[in-house]
Amino acid sequence: MPISSEDLQALGKSTLDDYLRNEPVDQVSVDIPLLKKLMAKRKDFAGAKQNVTVNIRKSHDSNFAWAYGEEPVAFNKRNTVENAAFPWRRAVDGFYIAHDTLFANGIKVREGGHRAYRLEVSEKNQLLNLLAEQTEAFRTGFSEKLSMELHRDGTSSEDAVTGLDALVSTTPETGVVGGIDRATAAYWRNNAATGIASTTDGALATAMEGQWRACIRNGGSPDFILAGSAFIDAYRQYAVTVTNNAGAGAVKKLDAGVGSGTSTGLYFKGVEIIWDPQFEQLDALESPSIPWEKRCYFINTKYLELHDDTMDIVSPTRPYNVLALYQMVNLRLALVMKRANAHSVMSIA
């Protein structure tokens, strides 16, 4: 038996909806750890005309002084607050399945309203399997591309979101971020240390220690460390000393390949260093002056948030001259930084 075009559209939307609800974007596979971390603490975005705006404290304007007797007290008018505005952007993706593709899989589509036709059980199973494959590939592809764009600086398109490369910059003294010029606003610069001599004894660990202290001075300890392969290899080889003196008389098993997947099993200050496989893709895509694979980020997720309005699933009406099922999603989002100097980026030479 055939299936009506109306029923097919409803079935396609419900299948995609099930995939996104049962395996939502905040439970994406661990090979895109930045998106996974951001989505774990995502904030609902109710809507705004153009920007997601946050109030930031740029100074204390303290007028502290010593005084004795009738020494007059000086008063000042304080201006301590600035607004940072981050433009929201809309991420979209879509796919279609031609009616002829469905027909080749034993599913005949006919024009008609709800329940105009009724599929056999075998036909319904075949259709659900085909839709499941399409929606799974769609979900995975959308998540991977979104994660990639959240790394970048937002210049790849006029409509691209401003990502990590701009917010936690390797050149923090330049650029306008959130509408604030870093050339003049020193308080709005992240910490950075580039060209670290990683093969020199103690140099890498010393640089990381300095950047960690700088972050703590400005908002507390980072809770997320993200790094590329070259940085992780240098840290493992030159900054970590492994000792084993437990159970001296027992047979031991030593494994140089610590960690699993993107979890490296390597830590700094008790925070695990997470390997980001997309750094290699970014190097191939952008050829930056400071390769992503040589970078390491100290991030305090208290001050770096992903705001989004959740996915909207749409079943567009097909064009009058194309026989196909169309499905698409919309996601409005902005990556918002509430404090710059709580984060750091480092790179090895």
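His 151 has a relative accessibility of 0%, so it counts as buried (under 20% relative accessible area; over 50% would be exposed, and in between partly exposed, with a 1.4 Å probe and protein chains only). Before going on: this is a predicted model, where local features need pLDDT of at least 70 and side-chain atom pairs pLDDT 80 or more, while totals for chains, interfaces and linings use all residues. Residues are numbered from 1 along each chain as its sequence is written, and side-chain values use heavy atoms, leaving out hydrogens and water.

**Exercise 1. Work out what surrounds His 151.**

Step 1: His 151 sits in helix α4; helices here are DSSP runs of H or I with at least four residues, strands are runs of E with at least two, and both are numbered from the N terminus.

Step 2: look for a polar partner. The side chains of His 151 and Asp 276 are joined by a polar contact of 2.6 Å. Such a contact is a pair of N or O atoms within 3.5 Å; within protein, one must be able to donate a hydrogen and the other to accept it, and residues adjacent in sequence count only if both atoms are side-chain atoms.

Step 3: list the other neighbours. Skipping residues up to four places away in sequence, His 151 touches residues including Leu 34, Leu 164, Phe 279 and Trp 292, where contact means heavy atoms within 4.5 Å.

**Exercise 2. Describe how α2 packs on α4.**

Step 1: get the geometry. Helix α2 (residues 33-40) meets helix α4 (residues 121-151) at about 90 degrees, and their axes are 8 Å apart. Axes are lines fitted to C-alpha atoms, for helices over the stretch in contact, with angles from 0 to 180 degrees between N-to-C directions.

Step 2: name the arrangement. That makes α2 roughly perpendicular to α4 (65 to 115 degrees; under 35 is roughly parallel, over 145 roughly antiparallel, the rest oblique).

Step 3: find the residues. From α2 come Leu 34, Leu 35 and Leu 38; from α4 come Ser 143, Leu 146, Ser 147, Leu 150 and His 151.

Step 4: sort them. Five are nonpolar, three polar and none charged. Here Ala, Val, Leu, Ile, Met, Phe, Trp, Tyr, Cys and Pro count as nonpolar, Asp, Glu, Lys and Arg as charged, and the others, Gly among them, as polar.

Step 5: check burial. Pro 33, Leu 34, Leu 35, Leu 38 and Met 39 of α2 are buried.

**Exercise 3. Which residues have the most contacts inside the largest nonpolar core?**

Step 1: a nonpolar core is a set of buried Ala, Val, Leu, Ile, Met, Phe, Trp, Tyr and Cys residues joined through side-chain atoms within 4.5 Å.

Step 2: the largest one has 60 residues, and Phe 86, Leu 127, Leu 150, Trp 188 and Tyr 297 have the most contacts inside it.

Step 3: another core, of 21 residues, lies apart from it, with Ala 193, Leu 204, Ala 227 and Ile 273 among its members.
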